[in-house]
Amino acid sequence: MAQLWGGRFTKETDKQVYDFNASISFDKRLYRHDIEGSKAHVTMLASAGILTDDEAKKIIDGLESILNDVENGTLEITDKYEDIHSFVEANLIDMIGDTGKKLHTGRSRNDQVALDMKLYVRDEINEIDERLYELLRVIHHIMEANIHTYMPGFTHMQKAQPVTLAHHMGAYFEMFKRDRGRLSDIKKRMNTCPLGSCALAGTTYPLDRNLTASLLGFDGPTLNSMDSVSDRDYLIELLSALSTVMMHLSRICEEVIIWNSDEYRFIELDDAYSTGSSIMPQKKNPDIAELVRGKTGRVYGALISMLTLMKGIPLAYNKDMQEDKEMTFDAIDTVKNCLTLFAGMMATAKFNDRKMEQSAKNGFTNATDLADYLVVKGVPFRDAHGISGRLVLYCIDKGCALDDLSLEEFRKFSDVIGDDIYEAIAMTTCVEKRNTIGAPGSEVMKQVIKANREYLNL
């Protein structure tokens, strides 16, 4: 068992205790960040005169060799080591001898793991942002192609007013755009370097923490060493932001699942993103959308677990904090996979514009426009609302849409209705006359799509 401690102890750690305490099984994914941080630390130690240039070069060359060996598969990270830090240091000492023992000068595993997690999370935020960007590109292309694809807009899951598919998808564009903004804010706020805080009270060595921070791309060093080693706020913020991403994915997945049903048939998913039934040959199931919806709870669970983990921990570092990694790693992996698969599913999906428009007509989504028509003709709005409602009830009894009524039938309910009623309640009119910014009319939708194109740098 390779450990970085032991002088204080007179006997070996119990094997079960060692296994329970070890983190190598999951923190091994931090190997690149651990080596990156160690190289910056050694460079700083040499600059401060704590190590000679020759010692620093020997250590850095050894660290780079370990990195290459891990990545080309000649060096395996195994459970022989307690954690990723002991793996790197033990192999460095094996490789270059006693000089490798100087690597840990002026630092602790406490500030080391805090650094590793920040470097890892910073990289992962960049990856998640790239996948959000790709999803936004997919949504943008759907919007561009469907400015005139009419469909029902819903409230309370009831058909409400006609919109377009471009307008509907534009709502999700705004959601995922805000998600990118949240991740960007987190990245800015977390971008301070904890290395040099040591266990909790800094060190007597003359470290140049500004240099270390600069070498690692941070805005500067953290300003309180106790907070530095026990801060996990940025993970809580990250998991909260990822939970919001998953909530947005889950909402649109719910709609895709409904739209994919035989009752709606608004959308047809590509075979590559669907599955069948082991017993029912006619089935084509939206499993990707359902799994994304289901995995949302997994990410929510990570957030709640992290909040619960941190709520009773006194300053500074406590072993409880080791539990932050698995839940964070899993949430990040889950979100990245969901974003990639969902974007692929939507990019290959086909929309049934005829079914969408027919659904809007059959759902009386133009009833509000009928009431507005009456108001323009001089009918008080409350009376117009009642007339429109009675016409809808008449159509329900008759089994038809408002557009299907004859002029004589319309005039039974109000004699102000003329031939122009059909144009007034046509889907095209209902949508196109809504031209304030943010509405579904094609002219303002073109403005929004232009803004989206500029946002995406297309």
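Is Glu174 buried, partly exposed or exposed? Glu174 is partly exposed, with a relative accessible area of 29% (buried is under 20%, exposed over 50%, partly exposed in between, using a 1.4 Å probe and protein chains only).

Before going on: this is a predicted model, where local features need pLDDT of at least 70, side-chain atom pairs count only at pLDDT 80 or more, and totals for chains, interfaces and linings use all residues. Residues are numbered from 1 along each chain as its sequence is written, and side-chain values use heavy atoms, with hydrogens and water left out.

Lys177 and Glu174 form a salt bridge at 3.4 Å, N to O (a side-chain nitrogen of Lys or Arg within 4 Å of a carboxyl oxygen of Asp or Glu). Both sit in helix H7 (residues 165-190), three residues apart, about one turn of the helix; helices are DSSP runs of H or I, at least four residues, numbered from the N terminus. Lys177 is partly exposed too, at 26%.

Next, pick Lys398 and Glu409, whose side chains meet in a salt bridge of 2.5 Å, N to O. Lys398 is in helix H15 (residues 381-398) and Glu409 in helix H16 (residues 407-411), so this pair ties together parts eleven residues apart in sequence. Glu409 is buried at 10% relative accessibility, whereas Lys398 is partly exposed at 45%.

Then select Glu124, Glu127, Arg131 and Lys336: salt bridges with shared partners join these into one network.

Last stop, zoom out: the whole structure has 31 salt bridges.

Terms used. Helix = DSSP H or I, 4+ residues; strand = E, 2+ residues; numbered from the N terminus.
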